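Me: Could you walk me through this structure? I am new to it and would like to begin with the overall picture.
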Amino acid sequence: MQERIGIIYGDTTSTSFNFASNRQVNRLDYVYVIHEGRKVLAQVREVRRISKLSFEKVFVEDTREEEEKISAAADVIGYNGRNGLCVPRTPFKQGDDVYKADEEIVRDVLGLGKKGAYIGLLKDMNIKVYLDINTLLQKHVSVLAKSGSGKSYAMGVIVEELIDHGVPVVVIDPHGEYSSMIHPNLDEKEIEMMKRFDVKPKGYGSNIVQYSPGNDANRESIPLRLDEINLELGDLMDVMSSKVTGVQKGILYQAIKEVRERKRIYLLEDIIDELKRAKSSAKWNLIPQLEELNDMGLFSADPTPIDELVCRGKCSIINFRGIPPHIQDVVVSHLLTKLFEERKKNSIPPFMVVIEESHRYCPERGQGGAISSEIIRTVASEGRKFGMGLAIVSQRPARVEKNVVSQCNTQIILKTTNPNDVKAIVASVEGLTAGAADEIQRLPIGMAIVSGLPINAPLFVEIRVRKSSHGGKAAKVVDEEKRAERRFPFRFGRQ
Ligand SMILES: Nc1ncnc2c1ncn2[C@@H]1O[C@H](COP(=O)(O)OP(=O)(O)O)[C@@H](O)[C@H]1O
Ligand SMILES: [Mg+2]
């Protein structure tokens with residue numbers, strides 16, 4: 001049934017028109033017009049109530065308005081043509097009827113499929129929005145918004161869907177907030193919302209395994225070990241102090257060279273032994289640092305097997321809670337490099353790597369370097385060829401390397417207020433209109449603007465409630481820092 005809600009009036013173009021209505025019309029409502037034989041979808045940008053009541057009349061007349069007189073401005077989205085979304089090339093006709101859009105035409109024109117990762121409902125409409133799983137893996141995703149606006153919550157929704165579809169996931173989790181996904185969501189308020197979103201509580205305990213670097217990793221985690229065999233000078237410099245002097249670097253280089261001549265396979269311990277034999281007294285500052293590194297257990301001759309981290313039905317969480325930033329940086333760099341190599345060899349299945357707080361691991365140039373930047377850039381630009389998907393999450397979009405953000409074809413944007421960040425988002429998202437900057441600043445918690453393939457136009461989506469428990473509430477920064485000091489008392493970081 002076509003439901004007529006208004007009539008086009010005034011000047012029009014091929015991309016926008018105004019219509020008059022005596023019914024309730026809301027901003028962001030979807031409507032359509034039959035133009036040149038095609039159903040053309042449009043979205044209400046602005047609604048005005050028209051009145052003859054002037055300022056002067058208020059003092060002399062009865063001020064009650066008799067009837068609703070609404071003027072609405074609509075932006076044209078288009079129609080589903082042979083090659084996807086098309087926009088008419090002729091202006092709309094005055095006097096034509098405007099209809100309320102139903103599910104069928106909205107799905108058809110916006111290119112909303114009926115399978116894939118179910119992320120939420122189209123605003124004000126009971127239409128489920130799905131993201132195509134292959135597109136996610138091949139074309140990457142970004143979740144950008146200010147802190148507390150629901151980024152990790154939304155990313156958790158995507159992780160749930162990937163697990164449900166059997167796609168392996170590796171999560172770089174600086175706050176240790178994803179491990180709560182082993183538990184079903186039993187939050188009372190959220191359980192009430194589940195019916196509307198058509199989901200049920202579910203814990204992912206049989207899929208999720210936590211890893212953490214260091215010897216005294218938290219009890220629920222398996223120690224994550226990087227390959228210790230045949231470390232090079234560069235590997236050691238990455239984890240050591242920037243205060244290493246030129247002389248110290250020289251004797252370390254010499255020690256590694258000599259060990260390598262004697263042994264085909266050498267460990268960190270062998271380097272330390274060799275260093276002890278060095279004549280230079282500069283070694284006395286270097287040896288304790290290397291011993292500390294050895295005791296920490298970050299490197300091992302028995303490293304965590306990559307095909308254990310990435311396998312069907314599994315989500316590996318790399319829990320960095322309490323790990324100093326420079327160690328996190330090294331681990332991300334080594335780990336992603338290995339994962340990428342193995343994926344290229346096809347020795348692990350296609351998978352998704354989620355990087356929370358990605359401004360830390362791939363900062364925009366001039367925002368302090370990170371060792372992990374290089375491999376993240378490589379995955380962003382080449383991962384698609386090999387089925388290694390990247391999902392980046394950040395509260396400082398302007399501080400994440402632009403080359404990485406621009407490779408993410410699906411964007412989920414939540415409330416953002418910092419002007420630089422809003423600018424960075426508007427610049428990187430295709431199809432955002434001029435008014436989008438305002439919209440982004442006004443989004444309520446849980447509401448996202450989603451853009452990207454195969455969806456044709458940016459959509460307002462109410463992110464669905466989580467099946468599993470969300471751990472984002474728990475992370476306490478002060479506690480984390482104290483733990484870090486206990487576990488890694490020796491400060492040999494690049495600061
Ligand atoms: N889609 C949503 N539905 C319901 N509650 C949400 C939703 N998104 C966020 N929240 C609430 O907002 C809080 C902050 O979200 P979170 O994802 O941790 O923010 P951040 O952007 O800092 O990662 C959550 O603890 C949750 O209570
Ligand atoms: Mg978060």
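Reply: Helix α3, residues 151-164, gives the most to the shell around ligand 1, with three residues. Please note that this is a predicted model.

Me: How many residues surround ligand 1, and which are the closest?
Reply: The shell holds 15 residues, and the closest are G150, K151, S152, G446 and G472.

Me: Which domains is the protein chain divided into?
Reply: Domain 1 covers 4-110, domain 2 covers 117-221 + 305-485, and domain 3 covers 233-299.

Me: How far apart are the centres of domain 2 and domain 3?
Reply: Their C-alpha centres lie 37 Å apart. Six residues from domain 2 and five residues from domain 3 make the contact. On the domain 2 side, the touching residues are four nonpolar, two polar and no charged.

Me: Let us turn to the sheets. What is the order of the twelve strands in the open sheet?
Reply: The order is β9-β8-β21-β20-β19-β10-β18-β17-β11-β16-β12-β13, with mixed pairing.

Me: Which strands stand at the edges?
Reply: They are β9 (128-131) and β13 (222-224); each has a single partner strand, so one side of each is left without a neighbour in the sheet. Neighbouring strands of this sheet are turned by 30° against each other on average, direction ignored.

Me: How do β20 and β21 run, parallel or antiparallel?
Reply: Strand β20 (residues 447-451) and strand β21 (residues 459-463) run antiparallel and are joined by four bridges. Within that pair, A448 stands opposite V461 in β21.

Me: Now the start of the chain. How many bridges join β1 to β2?
Reply: Three bridges join β1 (residues 4-9) to β2 (residues 16-21), and the two strands run antiparallel. I8 stands opposite F19 in β2. The two strands form a hairpin with six residues between them, and G10 in the turn has a positive phi of about 70°.

Me: What about β2 and β5? In which sense do they pair?
Reply: β2 pairs with β5 (residues 70-81) in the antiparallel sense, over six bridges. F19 has A72 as its bridge partner in β5.

Me: Why does E36 count as exposed?
Reply: E36 counts as exposed because it has 11 C-beta neighbours inside 10 Å, and the limit for exposed is 12 or fewer.

Me: And what is the phi of N230?
Reply: N230 also is not a glycine, and its phi is positive, about 55°. This residue is placed in the loop between β14 (226-227) and α5 (233-239). N230 is partly exposed, with 15 other C-beta atoms within 10 Å.

Conventions:
Residues are numbered from 1 along each chain as its sequence is written. Chains are lettered from A and ligands numbered from 1 in the order in which they are written. This is a predicted model: local features need pLDDT of at least 70, side-chain atom pairs count only at pLDDT 80 or more; totals for chains, interfaces and linings use all residues. A residue is near a molecule or strand if its C-beta atom, placed from the backbone, lies within 6 Å of it. Domain bounds come from an automatic or database domain assignment. Two residues are in contact if their C-beta atoms, placed from the backbone, lie within 7 Å. Ala, Val, Leu, Ile, Met, Phe, Trp, Tyr, Cys and Pro count as nonpolar, Asp, Glu, Lys and Arg as charged, and the others, Gly among them, as polar. A residue is buried if 20 or more other C-beta atoms lie within 10 Å of its own, exposed if 12 or fewer, and partly exposed in between; C-beta atoms are placed from the backbone. Two strands pair if DSSP finds at least two bridges between them. Axes are lines fitted to C-alpha atoms, for helices over the stretch in contact, and angles run from 0 to 180 degrees between N-to-C directions.
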